[in-house]
Amino acid sequence: MEHLKSILTKSGLVTEECFATIFYDYDILNTSCLKGIISKCLGYGIIAGSLMVKLPQIIKISGNKSGKGINMLSICLEIFCITATMAYSFRNEFPFSAWGESLFLGLQTAIVAALVIFYGEGPTSPNKGNGYSAICFLAIYALFLAILLGPLAPLQALWVMQAANVPLILLAKSIQAKSNFQAKSTGQLSAITIFMLFFGAIARVFTSIQETGDLTTVAVYITSVIANGVIAFQMLLYWNADSKDAKKKRKTKKLA
């Protein structure tokens with residue numbers, strides 16, 4: 001029993017008090033402990049999922065050698081929002097299970113942005129990519145991240161950045177939603193990525209309330225649910241249009 005206690009408490013899944021409540025007092029339906037365990041499991045599940053959440057997007061851009069349909073301004077705003085949440089949570093010493101996916105999402109979104117810069121709208125488009133600019137972008141982001149996670153950035157500035165996430169997330173997703181609406185297509189956006197972001201944000205509302213109690217962070221994730229929900233709706237709305245476009249491309253390649 002002590003070995004099990006050591007594993008569960010050191011992993012952060014349960015506190016020592018909850019372990020005693022569940023395993024010694026046999027109060028397995030204790031509401032407070034159940035909420036904590038569910039929150040931890042959801043948190044680590046979200047982090048595990050975040051390792052591949054942008055992978056379909058990266059594969060889609062690389063496979064098509066095109067970033068067409070992906071709004072660069074929207075991506076940059078998204079990177080800022082993700083990085084602000086990461087830095088704010090890290091510096092406030094929130095549990096890793098409450099924010100860990102921000103680390104992996106930030107890195108993957110930076111790669112998506114670099115690929116969009118690298119490929120442009122494709123080799124046959126007048127808006128071709130630039131490899132040098134893509135490398136410079138990644139270098140600048142790495143420097144920005146190092147400054148925010150280090151002692152140079154004041155906590156008050158990080159709070160302002162986190163609070164700014166609410167309007168910025170709405171702005172970023174509105175720009176992408178407008179691009180989708182104008183094109184009547186979601187372009188190279190990945191449905192898997194969009195829906196994982198949407199459902200992940202829903203789960204994060206609960207885990208943020210449970211593990212941090214930080215109202216600013218909770219507001220950010222509620223905003224993320226709304227914003228990602230709009231893009232997810234457009235993904236369903238324009239699904240047939242994107243399928244038809246993909247078929248046309250296949251026919252063109254065969255004729256060529």
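Reader: By class, what residues does the lining of the largest cavity have?

Author: The lining of the largest cavity has 6 nonpolar, 4 polar and 3 charged residues. Here Ala, Val, Leu, Ile, Met, Phe, Trp, Tyr, Cys and Pro count as nonpolar, Asp, Glu, Lys and Arg as charged, and the others, Gly among them, as polar. Keep in mind that this is a predicted model: local features need pLDDT of at least 70, side-chain atom pairs count only at pLDDT 80 or more, and totals for chains, interfaces and linings use all residues. Residues are numbered from 1 along each chain as its sequence is written, and side-chain values use heavy atoms, with hydrogens and water left out.

Reader: How many cavities of 30 Å³ or more does the count come to?

Author: The count comes to 1 cavity of 30 Å³ or more. On a 1 Å grid over the protein atoms alone, a cavity is a set of points where a 1.4 Å probe fits but cannot get out, while a pocket is an open set with protein on both sides within 12 Å along at least five of seven lines; lining residues have an atom within 4 Å of a point.

Reader: And what volume does the largest cavity have?

Author: About 130 Å³, where a volume is the space filled by probe spheres set on the grid points, which are joined across faces, edges and corners. It has 13 lining residues, and K54, I75, E78, K173 and L189 are the closest to its centre.

Reader: Which helices each supply at least two residues of that cavity's lining?

Author: Helix 5, helix 8 and helix 9 do. Helices are DSSP runs (H or I, at least four residues), numbered from the N terminus.

Reader: OK, at what angle do helix 5 and helix 8 pack?

Author: About 150°, with their axes 8 Å apart. That makes helix 5 roughly antiparallel to helix 8 (the label for angles over 145 degrees). Axes are lines fitted to C-alpha atoms, for helices over the stretch in contact, and angles run from 0 to 180 degrees between N-to-C directions. By class, the contact of these two helices has 16 nonpolar, 5 polar and 3 charged residues.

Reader: How about helix 9 and helix 10, at what angle do they cross?

Author: Roughly 155°, and their axes come within 8 Å. Helix 9 and helix 10 are therefore roughly antiparallel to each other.

Reader: Switching to pockets: what volume does the second largest pocket have?

Author: About 430 Å³. Of its 24 lining residues, I82, L105, L197, Y221 and S224 are the closest to the centre.

Reader: Which helix gives the most to that lining?

Author: Helix 9, with 5 residues. Among the helices that each supply at least two are helix 3 (31-50), helix 6 (100-119) and helix 10 (215-237). By class, this lining has 12 nonpolar, 8 polar and 4 charged residues.

Reader: Now the loops. Where is Y26, and is it buried or exposed?

Author: Y26 is in the loop between helix 2 (16-24) and helix 3. At 66% relative accessibility, Y26 counts as exposed (over 50%; buried is under 20%, and partly exposed is in between, with a 1.4 Å probe and protein chains only). Its phi is near 60°, a positive value in a residue other than glycine.

Reader: And where is E93?

Author: In the loop between helix 5 and helix 6. E93 also has a phi near 60°, and it is exposed, with a relative accessible area of 71%.

Reader: Last one: is A114 buried or exposed?

Author: A114 is buried, with a relative accessible area of 7%. It lies in helix 6.

Technical notes
Angles under 35 degrees count as roughly parallel, over 145 as roughly antiparallel, 65 to 115 as roughly perpendicular and the rest as oblique.
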